[in-house]
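Subject: Structure for you to look at

Hello,

Here is the structure I said I would pass on. Please open it alongside this email, and read the notes below with it in view.

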Amino acid sequence: MNCSKRLKSCLTGSVSFVILILIDQLTKWLAVVNLKDKEPFIIIDGVFQLRYLENRGAAFGMLQNRQFIFVAGAAVVFLIVAFFYVKMPQESRYLPLRICSVLLCSGAIGNMIDRLRLNYVVDFFYFNLIDFPIFNVADCYVVAACIFFVLLILFYYKEDDDFAWLNIT
């Protein structure tokens, strides 16, 4: 195992993680500055708008004011994914999995920062055409990572030894 390759991967992942969190936090700050206590900003009439929401729960208003559950969950997700990121082979074949890992951790920690700092998460994307729950950039990271991960498992990592590095027996 090449230690410098692993170090470079971890450094790249860490820098990407920080950049993604900064983007998430910047967009939330912009939402507070430009949308709070204002009418929604219509992007596509009847379809998509920017609407400020202080979310104290999960999607669809579930688990309102249970911040401890969300913070603990984000911390556990981060620790597990970071552990597997470090264990992951440094072959280019696993780059998509490393990208999923960074996206997932960035989304989890981005929302955790809000919960710890504000006791709620700032949401602002709203698809009113389908009355979808209002969400934010961190949520996009998590959803994209999960979809990408499922697609990778179903169509890309099909060999028996693709996950042998996990040592799960």
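Which residues does Phe125 touch, not counting residues up to four places away in sequence? They are Phe48, Gln49, Leu50, Pro133, Ile134, Phe135, Asn136, Val137 and Cys140. Bear in mind that this is a predicted model.

Phe125 also belongs to the largest nonpolar core, which has 26 residues. Together with Phe17, Leu35, Leu50, Val122 and Phe124, Phe125 touches the most other members of that core. Two or more residues come from each of helix H1 (3-35), strand S2 (48-55), H2, H3, strand S3 (121-126) and H4. H3 supplies the largest share, 6 residues. As background, nonpolar side chains in soluble globular proteins tend to be buried together.

Helix H2 (67-87), helix H3 (95-118) and helix H4 (137-156) each give two or more residues to the lining. Which of the elements gives the most to this lining? H3 does, with 4 residues. By type, the lining residues of this pocket divide into 13 nonpolar and 1 polar, with no charged residues.

Regards

Technical notes
Residues numbered from 1 in each chain as written. Predicted model: local features only at pLDDT ≥ 70, side-chain atom pairs only at ≥ 80, totals over all residues. Heavy atoms only, no water. Nonpolar A, V, L, I, M, F, W, Y, C, P; charged D, E, K, R; others polar. Core = buried A, V, L, I, M, F, W, Y, C linked by side-chain atoms within 4.5 Å. Buried < 20%, exposed > 50% of the residue type's maximum accessible area, 1.4 Å probe, protein only. Contact = heavy atoms within 4.5 Å.
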